[in-house]
Amino acid sequence: MRRTGRQWMIEVTDLVRVYRVPNKAPGLAGAMGHVVRPRWRDIVALHGVSLRVEAGERIAFVGPNGAGKSTTLKILTGVLTPTSGSVHVDGLVPWRDRIENNRQIGAIFGHRTQLWWDLPVIESLETIRRLYGVDRAAFEHTMDRLVSVLEIGGLLERPARQLSLGERMRCDLAAALLHEPPILYLDEPTIGLDVAVKNDVRQFLRKLSNERCVTLMMASHDIGDIDEICDRLVMMERGRIVYDGSLEAVRARFGHEHLIELVFSTAVPDAVLTARGLLASYPNVSLVADGAYRLQIQFDSRLVSSARLIHVLLPVFPVKDLRLGGPDTEGVIRRLYKGELKYEDG
């Protein structure tokens, strides 16, 4: 470790990344014209991103495609060089101190694999062991744990090209953790995994972070990954960080929408019309009928309570069952993506 005193495991300041791409007309004529007189345009992927991360934090990068999540992670790993700004990862500049930086990180990037395509998985893992200088005893101890948690015992003798996506992702996760790095970068880490294995991997990553103070930086569209692994949310949009805080703070800030679902014992074809008349004096209440036997009422809990709405509706409808739903991470993030909520709301 190179940190002393109050230094950060990861410190990013005013990070900018600009891609220069050809500005040409489509087709052969455009391609030929670009050869004779090339023109270019700049695409700014990151606009002054700043971020500080303590050892052991678990951070989820979320945002729509093109928001800058993967670009940020690639700069942190040293794969990309920024146009301007500074980055220090445990005291190292990733793209300058690439070899030393690579020894302290593990990384999984979506569909890209670090396994050799035609080699049995165990031979790829042995090669990675030698590259990182992991001694035999430590390798076998780590492998025993990874084989058990990731259920890859039956995959070790198979070439990587014969693995399904989910099987390969589990083996890639083992490869990323072989040298026990203090920092782990994950881009869609549970893609292709079935529900049971996803749950095991999530619990394993959280336990790993807690027991060994491993810092996790994860970009994912899987809300389950975000909710079950991470404690801090960094939301990006168009190359900027638009929200940085705890998941609980996100729910508290944006999760005002609640749901009441009524299930009827007999058909009520005009349920929405009737309920609309009963609730006309309450603001921000929306109604959705799911057939003639079910009615959903969405409302802002800051403006009216569920108890009040139920008190108005129950005497009128033949209700046999009732369900209350509170705010959830998936609903909040989905509505932020769609622009239905604004970051200055709340």
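Helices and strands are DSSP runs, numbered from the N terminus. The structure shown is a predicted model.

**View 1. Lys24 in the loop between strand S1 and helix H1.** The loop that holds Lys24 lies between strand S1 (10-22) and helix H1 (27-36). Lys24 has a relative accessible area of 43% and is therefore classed as partly exposed, a class that lies between under 20% for buried and over 50% for exposed. Apart from residues up to four places away in sequence, Lys24 touches Gly30, Ala31 and His34. Glu237 is 213 residues from Lys24 along the chain, and 27 Å separates the C-alpha atoms of these two residues.

**View 2. Helix H6 and the elements that cover it.** Helix H6 consists of 13 residues and spans 18 Å from its first C-alpha to its last, close to the 18 Å expected at 1.5 Å a residue. The helix is mostly covered, with 12 of its 13 residues buried. Among the buried residues are Gly166, Arg168, Met169, Cys171 and Leu177. The cover over the buried residues of H6 includes strands S5 (105-109) and S6 (183-187), together with helices H4 (121-132), H5 (136-150) and H7 (195-212).

**View 3. Glu167 and its contacts.** Glu167 belongs to helix H6 (residues 165-177). Glu167 counts as buried because its relative accessibility is 18%, and buried means under 20%. A polar contact of 3.3 Å joins the side chain of Glu167 to the side chain of Arg158. When neighbours within four places in sequence are left aside, Glu167 is in contact with Leu155, Arg158 and Gln162.

Methods:
Residues are numbered from 1 along each chain as its sequence is written. This is a predicted model: local features need pLDDT of at least 70, side-chain atom pairs count only at pLDDT 80 or more; totals for chains, interfaces and linings use all residues. Side-chain values use heavy atoms; hydrogens and water are left out. Helices (H or I, at least four residues) and strands (E, at least two) are DSSP runs, numbered from the N terminus. Buried means under 20% relative accessible area, exposed over 50%, partly exposed in between (1.4 Å probe, protein chains only). A polar contact is a pair of N or O atoms within 3.5 Å; within protein, one must be able to donate a hydrogen and the other to accept it, and residues adjacent in sequence count only if both atoms are side-chain atoms. Contact means heavy atoms within 4.5 Å. The expected span of a helix is 1.5 Å times one less than its number of residues.
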